[in-house]
Amino acid sequence: NVVLVLLDDAGAGDAGVLGHPILRTPHIDAFARSGVRFSAAYAGAPNCSPSRAALLTGRAPFRTGVYDFLSKRSGSMHLAAGETTIAALLRASGYQTLHLGKWHLSRRGAGHGFAPPHFGFDHSNESYAPASQLVAAFGGWLRGGRRRGAPFFAYLALWEPHEPVQLWSPPAFRRLYEGSGGDASGGGDSISGDADLAAR
């Protein structure tokens with residue numbers, strides 16, 4: 001089985017296991033200790049949509065049709081219909097494929113692009129829900145939504161720590177960072193203080 005978890009806008013050192021002096025990430029740390037860590041790699045792009053396109057296809061973003069983040073100003077840009085993703089390759093090899101979370105490779109509401117099933121995902125919720133809800137949905141799929149005995153590829157594309165993470169971070173988590181240099185009061189996520197910290 002393959003579980004790919006993508007954190008939106010996370011920096012190269014934004015986890016406790018990576019030596020971050022402020023962030024507390026016990027679950028990510030445990031995940032890193034028990035799984036395979038790839039620590040000498042580069043993102044395909046410095047922002048959202050093209051890095052997702054590169055991750056899923058293994059190709060340079062400009063070859064996929066996605067060369068910048070998708071927005072109202074990006075015109076008809078979207079993941080090209082003919083692109084082959086890791087999900088499509090694994091599904092062809094008998095894997096069940098699941099996408100939960102942010103897609104951000106099409107703007108179908110504006111008539112541009114295709115849904116995750118077009119690119120090899122058997123199931124997708126294309127949700128901007130908080131990570132806690134997406135992880136719970138993944139747990140539910142593991143317990144009752146998949147075929148037992150068949151391998152699976154699950155792509156969990158979490159919104160966090162992308163701003164405005166403070167909108168759905170429970171107060172108990174925000175309190176962990178009070179006085180740390182980040183804005184725990186709700187004006188930004190806990191990572192927003194990193195630049196200030198580095199400047200000290």
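**Salt bridges, cores and helix packing in a predicted model**

Five salt bridges are present in the structure, a salt bridge being a side-chain nitrogen of Lys or Arg within 4 Å of a carboxyl oxygen of Asp or Glu. The model is predicted: local features need pLDDT of at least 70, side-chain atom pairs count only at pLDDT 80 or more, and totals for chains, interfaces and linings use all residues. Residues are numbered from 1 along each chain as its sequence is written, and side-chain values use heavy atoms, with hydrogens and water left out.

One of the salt bridges joins Arg52 to Asp8, with the closest N and O atoms 3.3 Å apart. Arg52 belongs to helix H2 and Asp8 to the loop between S1 and H1, so this pair ties together parts 44 residues apart in sequence. Helices (H or I, at least four residues) and strands (E, at least two) are DSSP runs, numbered from the N terminus. Arg52 counts as buried, at 1% relative accessibility. Asp8 is also buried, at 3%. Buried means under 20% relative accessible area, exposed over 50%, and partly exposed in between (1.4 Å probe, protein chains only).

Asp8 forms a salt bridge with Lys102 as well; here the closest N and O atoms are 2.4 Å apart. Lys102 lies in the loop between S2 and S3, so its pairing with Asp8 ties together parts that are 94 residues apart in sequence. Both Asp8 and Lys102 are buried.

A further salt bridge pairs Arg108 with Glu126, with the closest N and O atoms 2.6 Å apart. Arg108 sits in the loop between S2 and S3, and Glu126 in the loop between S3 and H5, 18 residues apart. Both ends are partly exposed: Arg108 has a relative accessible area of 37%, and Glu126 one of 29%. Shared partners join Asp8, Arg52 and Lys102 into one network of salt bridges.

The largest nonpolar core has 16 residues. A nonpolar core is a set of buried Ala, Val, Leu, Ile, Met, Phe, Trp, Tyr and Cys residues joined through side-chain atoms within 4.5 Å. Leu79, Trp103, Leu105, Phe121 and Tyr155 have the most contacts inside the largest core. Helix H2 (48–57), helix H4 (86–92) and S4 each supply at least two of its residues. S4 gives the most, with three. Beyond its neighbours within four places in sequence, Phe121 is in contact (heavy atoms within 4.5 Å) with residues including Leu56, Ala87, Trp103, Phe153 and Tyr155. A second, separate core has eleven residues, among them Leu100, Ala129, Trp141 and Ala154.

Helix H5 spans residues 131–145, and its buried residues are Ala131, Leu134, Phe138, Gly139 and Trp141. They lie on the same side of H5, because they cover an arc of only 155° around the axis. The arc is that of the directions from the helix axis to the C-beta atoms. Ser132, Arg143 and Gly144 are exposed on the other side of H5. The buried residues of H5 pack against S1, strand S2 (96–101), strand S3 (123–124) and strand S4 (152–158).

His20 occupies the loop between strand S1 (2–7) and helix H1 (26–34). His20 is buried, with a relative accessible area of 12%. A polar atom of its side chain lies 3.0 Å from the backbone nitrogen of Ile22. The backbone nitrogen of Leu23 also lies 3.0 Å from a polar atom of the His20 side chain.

Notes
Polar contact = N/O pair within 3.5 Å; in protein donor to acceptor, adjacent residues only side chain to side chain.
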